[in-house]
Amino acid sequence: MISILSENGSNIPKRALIILSRQHPGETPGSFICEEMELDLLKNSKKVEFSLWRFDISIFAMVNIDGVVLGNYRGNFAGFDLNRCWLKPDPTKQPEVFAIKNMIKKIGRKQPIELIIDLHGHSRK
């Protein structure tokens, strides 16, 4: 997880933005979009400054690392489509979702979550 944070210097509580990418290993456009978002958030601009004044941003740039390494199109190492496992992830069969879901819960206990963005890419669109 990559965290992009800054102090806002006010009493206004910050909210969380969470970005997920590459749940499906074959959807490489999600990685390109995520990388560009990261690069934009690291720029020194008024838009980024305002965003970081209001939000703490957590980025999970590649949810399905094992699936990518294995060359799978949709599944993780155990063959599960991680996008379908968020309700009750099994820590042995979907450890990626299990760990990320716990991290998101931890973030949610610290501050309200404003938005979760899940980046995908499709081969036919």
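Aspartate 56 counts as buried because its relative accessibility is 11%, where buried means under 20% relative accessible area, exposed over 50% and partly exposed in between (1.4 Å probe, protein chains only). The model is predicted, so that local features need pLDDT of at least 70 and side-chain atom pairs count only at pLDDT 80 or more, while totals for chains, interfaces and linings use all residues. Residues are numbered from 1 along each chain as its sequence is written, and side-chain values use heavy atoms, with hydrogens and water left out.

**Aspartate 56 and its surroundings**

- Aspartate 56 belongs to strand β3, residues 55-60; helices (H or I, at least four residues) and strands (E, at least two) are DSSP runs, numbered from the N terminus.
- Beyond its neighbours within four places in sequence, aspartate 56 has contacts with Ile4, Leu5, Ser6, Lys14, Arg15, Ala16, Leu17, Lys110 and Gln111, a contact being heavy atoms within 4.5 Å.
- Aspartate 56 also forms a salt bridge with lysine 14, with 2.8 Å between the closest N and O atoms.
- This pair links distant parts of the chain, 42 residues apart: aspartate 56 lies in strand β3 and lysine 14 in the loop between β1 (2-4) and β2.
- Both partners, aspartate 56 and lysine 14, are buried.

**Other salt bridges**

- The structure holds four salt bridges, each defined as a side-chain nitrogen of Lys or Arg within 4 Å of a carboxyl oxygen of Asp or Glu.
- In one of them, arginine 15 pairs with glutamate 114, the closest N and O atoms being 3.3 Å apart.
- That pair likewise links distant parts of the chain, joining arginine 15 in strand β2 to glutamate 114 in strand β4 (residues 113-119), 99 residues apart.
- Arginine 15 counts as partly exposed because its relative accessibility is 31%, and glutamate 114 counts as partly exposed at 43%.
- Aspartate 40 forms a salt bridge with lysine 43, and their closest N and O atoms are 3.1 Å apart.
- Aspartate 40 is partly exposed, with a relative accessible area of 38%; lysine 43, at 49% relative accessibility, also counts as partly exposed.

**Surface patches**

- A patch of positive charge on the surface gathers Lys105, Lys106, Arg109 and Lys110.
- Patches are made of residues with over 30% relative accessible area and no salt bridge, like charges being joined within 9 Å and nonpolar side chains (Val, Leu, Ile, Met, Phe, Trp, Tyr) within 5 Å.
- Lys and Arg count as positive and Asp and Glu as negative, whereas His and the chain ends are not counted; the place of a charge is NZ of Lys, CZ of Arg, CG of Asp or CD of Glu.
- Lysine 106 is in helix α4 (residues 95-110) and counts as exposed because its relative accessibility is 60%.
- Met62, Ile65 and Val69 form a nonpolar surface patch with about 280 Å² of accessible area together, areas being computed by the Shrake-Rupley method with a 1.4 Å probe and, for residues, only the protein chains shown counting as cover.
- Methionine 62 is in the loop between β3 and α3 (65-70) and, at 30% relative accessibility, counts as partly exposed.

**The loop between β2 and α1**

- Arginine 22 is placed in the loop between β2 (15-21) and α1 (29-41) and is buried, with a relative accessible area of 9%.
- Although not a glycine, arginine 22 has a positive phi of about 60 degrees.
- Most residues other than glycine have a negative phi.
- Threonine 28 lies in the loop between β2 and α1 and counts as partly exposed at 35% relative accessibility.
- The C-alpha atoms of threonine 28 and histidine 122 are separated by 8.7 Å, the two residues being 94 residues apart along the chain.
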